[in-house]
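Here is a short briefing to read alongside the sequence and the 3D view. Have both open, and follow the elements as they come up.

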Amino acid sequence: MRLHRMPAPMRRLLPEALWDMPVGGEKVLYLTFDDGPIPEETPFVLEQLALFNAQATFFCVGENLERHPDIARQVLDAGHRLANHTYHHLSGWTSSRANYLADITRCQQALDAVLPAPETRPLLRPPYGRITIPLARHLHATHQLVMWDVLTCDYDATYDSEECLLTSISLTKPGSIVVFHDSLKASRNLRYVLPRYLAHFAALEYQFAAL
């Protein structure tokens, strides 16, 4: 079973997190891309977004930022936003509090090295969406926690690409925060789903904005 959308009770456990955006019925979607930047997939994403004048938010793994700062700068030059996804893609359920916080700080340092100016309250998405309530409350003072309304599950290599596309489309609504992955394991589904997803909602006169 693939969990494309968190159940309402789970959302209520993290009220300080962004799950979707209030848009007042306006046709706006918030696409996000996790786990990059990498040269194999991130430039493809940038090309597809440019075709539809779409802006997006890239939640970066610090290791990849330090390996590929040139790709990160391409993301910024195209008008998109970079955000924190920890340095080592840690789970907040199994990592110690000290290690998890240090990993976030290290990723933020990698971000600050490529950003034109440090952000006063950076965006942070916990890898796998796994974070404890005490950790979330602690981080709320310094970061805006971002979860999602629609998880495409593009990273699942056993997932039929057409089914991935149709399910993602069916769950999307105005204001949805949608998760894709610019990663190697997501490549097959990403390259099939993203262009068709963008074309579908562009035809319905949706706009695509960064958070």
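The bend at a residue is the angle between two axes, one fitted to the seven residues ending there and one fitted to the seven starting there. Keep that in mind for one of the helices below. Please note that this is a predicted model.

- Strand β1 covers residues 28–34, and seven of its seven residues are buried, so the strand is largely enclosed by the rest of the structure.
- Both faces of β1 are covered: one side holds the buried residues Val28, Tyr30, Thr32 and Asp34, and the other holds Leu29, Leu31 and Phe33, also buried.
- Strand β7 (residues 177–181) pairs with β1 in the parallel sense over five bridges, and Ile177 in β7 is the bridge partner of Tyr30.
- Strand β8 (residues 207–208) also pairs with β1 in the parallel sense, here over two bridges; Leu29 has Phe208 as its bridge partner in β8.
- β1 and β2 run parallel and are joined by four bridges, with Phe58 in β2 as the bridge partner of Phe33.
- To get from β1 to β2, the chain passes through helix α2 (residues 42–51), and this β-α-β crossover is right-handed.

**Helix α5**

- Helix α5 spans residues 97–112, which is 16 residues. From first C-alpha to last it reaches 23 Å, close to the 22 Å expected at 1.5 Å a residue.
- The buried residues of α5 are Tyr100, Asp103, Ile104, Cys107, Gln108, Ala110 and Leu111.
- These residues cover an arc of only 160° around the axis, which puts them on the same side of α5.
- The face turned away from that buried side carries the exposed residues Ala98 and Gln109.
- The buried residues of α5 pack against β2 (56–60), α3 (62–67), β3 (81–84), β4 (123–124) and α6 (133–139).

**Helix α8**

- Helix α8 (residues 187–203) has 17 residues, which should span 24 Å at 1.5 Å a residue; its end C-alpha atoms are 24 Å apart, which agrees.
- Where is the kink in α8? A kink of about 25° lies at Val193, shortly before the proline Pro195.
- Both Val193 and Pro195 are buried, and other buried residues of α8 include Leu190, Leu194, Tyr197, Leu198 and Phe201.
- The cover over the buried residues of α8 includes β1, α2, α7 (161–171), β7 and β8.
- After α8 comes Glu205, whose phi is positive, near 65°.

Note on methods:
Residues numbered from 1 in each chain as written. Predicted model: local features only at pLDDT ≥ 70, side-chain atom pairs only at ≥ 80, totals over all residues. Heavy atoms only, no water. Expected span 1.5 Å × (residues − 1). Buried < 20%, exposed > 50% of the residue type's maximum accessible area, 1.4 Å probe, protein only. Arc of directions from axis to C-beta. Contact = heavy atoms within 4.5 Å. Pairing = 2+ DSSP bridges. Right-handed = clockwise from strand over helix to strand, strands pointing away.
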